[in-house]
Every structure is written in structure tokens, then in C-alpha cells.
Amino acid sequence: MTDRHGPTRPDVEAALERYLAEQHISRRELLERISVLGAVVALAPIVAACSSGPASAAPSAALPSAAPTAVPSTAAVATPTPQPTPVPTPESELVVYNWLDYLGEDVIPSFEEKYPVKVKYELFDDIEVAYAKLGQDGSGYDVSFPISVDVPRFREAGTLLKLEQSLLPNLVNLGAQWTDPGYDPGNAYSVPYMWWTTGVAYDTTKVTDTPTSSTALWDERYKGHIAMMDDYRETIGLALIQLGHPANTSDLTQLDAAIALLKQQKPLLRTYSNDTISTMVGGDVWIGMIWGSDLWQINEENENVVYYIPEEGGVRGSDTAAIYSGTKHPVAAHLFLNHLLDAKVSAANTNLIGYMGPNEAAKEFIDASILADPAVNPDKAILDKLEELLDLPNALNDEYLTRWQSLKAGG
């Protein structure tokens, strides 16, 4: 006999099977979500699907900050409306660990105004130091910002929490190229945050010609005034591309050729540094390798610095926002990621730090001068010449790192 007051057991089972198939998760993974997020949140999409019948069990289109209120209607309703997905109650705290100067000034205040959550916000300026502090499960931090290339290994190690995408309705704001990134298919464990290109900057008062290739970083006229990044994948990648090889090559002969090229350059260098803003505005570096979006802040101190992507190509990279598997505040963490995906919030980040976000809906709120700047927002012709650094197998990554360490040590 059918229960007229709720779904039957077959209804629940069918909704469960649809949800598991759509989310590409097993029953065991669902149980893990329940243990982390709680039954109300983890099962909310299934409950909603049962209430709405055999239609799609897709996440709700919006996540209100308070329980929804009824909207008066002038027309009679012929059939009952489905029960809304239960609104999760966030935990009262959230701990976020981010790069220095990498968040709009109003992002946290607007989040705290929207939700009854107090955010503890801590900063780092070295990603490897941050990774060591975060450890295998976040070490007490809920949200941080891993580089996209590192997401696959963190996912495999169980470092990141698999996302409950029903709590991330603002994913619809992403540009098409960011909805299924190679480093994290379907954004299952991370959401894209900011992206950049890597190229060459120079002070036009010191470098008076107009270089177009990365070979300018080997020009003996600038000996003692050249800077390269202290990042083995970026710097080796630049050398590989200059030689016409893939930035993620597995050919050790090509890798050795890139290292040999960097050894030729080393006597000309002033420094290896990832603080490209301070390096380029200090006056001692005339030409250097930088992340293109740093030009925005460099020009605030020195308007004579210009940027170009080498004619032979370059590297494109991105940072993500992710929830760590040891989170104690999973609901608040999901709501924070969803907040970062808000069009106006994403635009506020871009307008402050000068990096483009992956948020297509944000473009109408971004400063026109940023959108028009090819260093920050290059056109498709340039983007097509760029390579994204990929996660390498451990053995191959060790080949890169060992050679880099030897180069830095002088061997």
C-alpha cells in the first residue's frame, strides 16, 4: 500500500541511485560525506529528488543565507510545489589560509555579514611552506588555495575533501573552459580561483630595445640585472619552451638540454625569486621572469615596467580553492567557496589584485582597464600558445627537482 504522506521505499532507492550516478560516487563515498557534512546536508539532494518526483535531482539553483520565505502569488497554484532542499546551518567558525594580498578587502566581511560565521584568516607567501604547514589533512585549516598542478596528488593522497556540489550553486558562473579542468575533472575536489600567464617584464628605461623572446633573459648586456623565478617547474618550463620542447616533457634528454641552458644563464643572474613584485620595483633588476598579473601591482610603483609573453610561447597556471579533508567546519567551508564564486566577489578579487578569475559572470563588474590589459587578460590567439603545467608522475617529478637543486647549488 502506498504511503500518501511521503515517498515509498522504491522512490527513495531510485532517487539514491540517480544521485550516486550523477555525482559519480559510490555508496561508501556517500557515507563518508554523511560523516563529514552530516546527514541533513549530505542527503538533502536525495530528499529533494523524492519530493519532486522522477525529475532531475540536480542541486538547487541558489543557496540562501537564511530559510526561504513564502512569496505571495496572485494566481492559484494548481499543484503543490516541491519541498525546497533544506538550507544547511553553517558552523560558527571557519579557518582560511591564503596567499598574501590575494583576496578582496570586502570578501570576508561580506561573507560574515551573510552567514553567522567568524572567519580566522591567515596568510603565507611561500606555497611550499604552506603545504608543509597544511600537512596531509589541513592541520586545522578548513580552506586553502593549492596550485592546480598539485590538486591531483592531493586528491589521491586524501588531502582534499570531495566537494558536495549541491552546496556550490555558483559553479554556474564559471567560464566554459573551467567547468571540467584537466587537473580536477568536474571540479570534484576544488574550484578554480585565479589564473595567470608567465612571461617577461622589463624596465623600459634600462632595456631600450623591444624584446619579444625569452632569450632576452640570456642577454649579456643585462648581466647582474636579470631575475628568474625560484620555481623549478616554471623556470625549467620556460627553458624547455624556448628550445621548442613541451613544458611537461618526459624526455630526459630534453630536460637535460633545458638545464644546460639555465646553467649558461646562471652567471648573468642577479637572483632567483618568486617575489617578482618586489624584485621588479627594487631597481636592481632590469628584466625578469614574472607572473603576468603581477604587472598590475608592479606598475603602481614603476609605470615604466612592461610585460610580454615570449613569441615562442609560455606557461599558463592557476590557483584553486579547496576544502581540506580534516576540516571541522565543512558546511561553512562550502559556503565560503560558493561565496568566492559569486560574480561580484570574484570581480572584487580581480579588481584588487589584478589577476583574472575563471568567473565569466564576473566580467561585467571588472575594471575595464584590467579586461583590456593583455598581460592580465590575453586574447585567444595568445592563450592558444600557452601550456599549463601538469602533475608529473613522482619518478619524473624527482628528475626535474633533482636537476633543479643541483643547478641552484652550483653543480
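# Exercises on a predicted model

The structure holds 12 salt bridges. Keep in mind as you work that this is a predicted model.

**Exercise 1. Get an overview of the protein chain: how many helices and strands does the secondary structure come to, and what share of the residues counts as buried?**

Start with the secondary structure: the protein chain has 16 helices and 10 strands. Next, look at burial. The chain has 411 residues, and 50% of them count as buried. Last, check the contacts. Taking those with a separation of 6 or more, 74% are between residues 24 or more positions apart.

**Exercise 2. Take the salt bridge between Asp150 and Arg153. How far apart are the closest N and O atoms, and is each partner buried or exposed?**

Begin with the distance: the closest N and O atoms of Asp150 and Arg153 are 3.3 Å apart. A salt bridge needs such atoms within 4 Å, so this pair passes. Now go partner by partner. Asp150 has a relative accessible area of 10%, so it is buried. Arg153 comes out at 35%, so it is partly exposed.

**Exercise 3. Find the patch of negative charge on the surface. Which residues gather there?**

Look for Asp125, Asp126, Glu128 and Asp275: these four residues make up the patch. To place one of them, find helix H6, which covers residues 127–134 and includes Glu128.

**Exercise 4. Asp101 and Asn187 each have a positive phi although neither is a glycine. Where does each residue lie?**

Take Asp101 first. Its phi is about 55 degrees, and you'll find Asp101 in the loop between strand E1 (93–99) and helix H5 (107–114).

Asn187 comes next, with a phi of about 50 degrees. Asn187 also sits in a loop, this time between helix H7 (151–157) and strand E4 (191–203). How accessible is Asn187? Its relative accessibility is 2%, so Asn187 counts as buried.

**Exercise 5. Describe the surroundings of Val345. In which helix is it found, and which residues does it touch?**

Step one is the helix: Val345 belongs to H13, residues 343–353. Step two is burial. Buried means under 20% relative accessible area; Val345 has 8%, so it is buried.

Step three is the list of neighbours. Leave out residues up to four places away in sequence, and Val345 touches Val107, His339 and Leu340. One of these, Val107, falls in helix H5 (107–114).

Finally, compare sequence with space for Val345 and Gly104. The two are 241 residues apart in sequence, while their C-alpha atoms are 7.7 Å apart.

Conventions:
Residues are numbered from 1 along each chain as its sequence is written. This is a predicted model: local features need pLDDT of at least 70, side-chain atom pairs count only at pLDDT 80 or more; totals for chains, interfaces and linings use all residues. Side-chain values use heavy atoms; hydrogens and water are left out. Patches are made of residues with over 30% relative accessible area and no salt bridge: like charges are joined within 9 Å, nonpolar side chains (Val, Leu, Ile, Met, Phe, Trp, Tyr) within 5 Å. Accessible areas come from the Shrake-Rupley method with a 1.4 Å probe; for residues, only the protein chains shown count as cover. A salt bridge is a side-chain nitrogen of Lys or Arg within 4 Å of a carboxyl oxygen of Asp or Glu. Lys and Arg count as positive and Asp and Glu as negative; His and the chain ends are not counted. The place of a charge is taken as NZ of Lys, CZ of Arg, CG of Asp or CD of Glu. Helices (H or I, at least four residues) and strands (E, at least two) are DSSP runs, numbered from the N terminus. Buried means under 20% relative accessible area, exposed over 50%, partly exposed in between (1.4 Å probe, protein chains only). Contact means heavy atoms within 4.5 Å.
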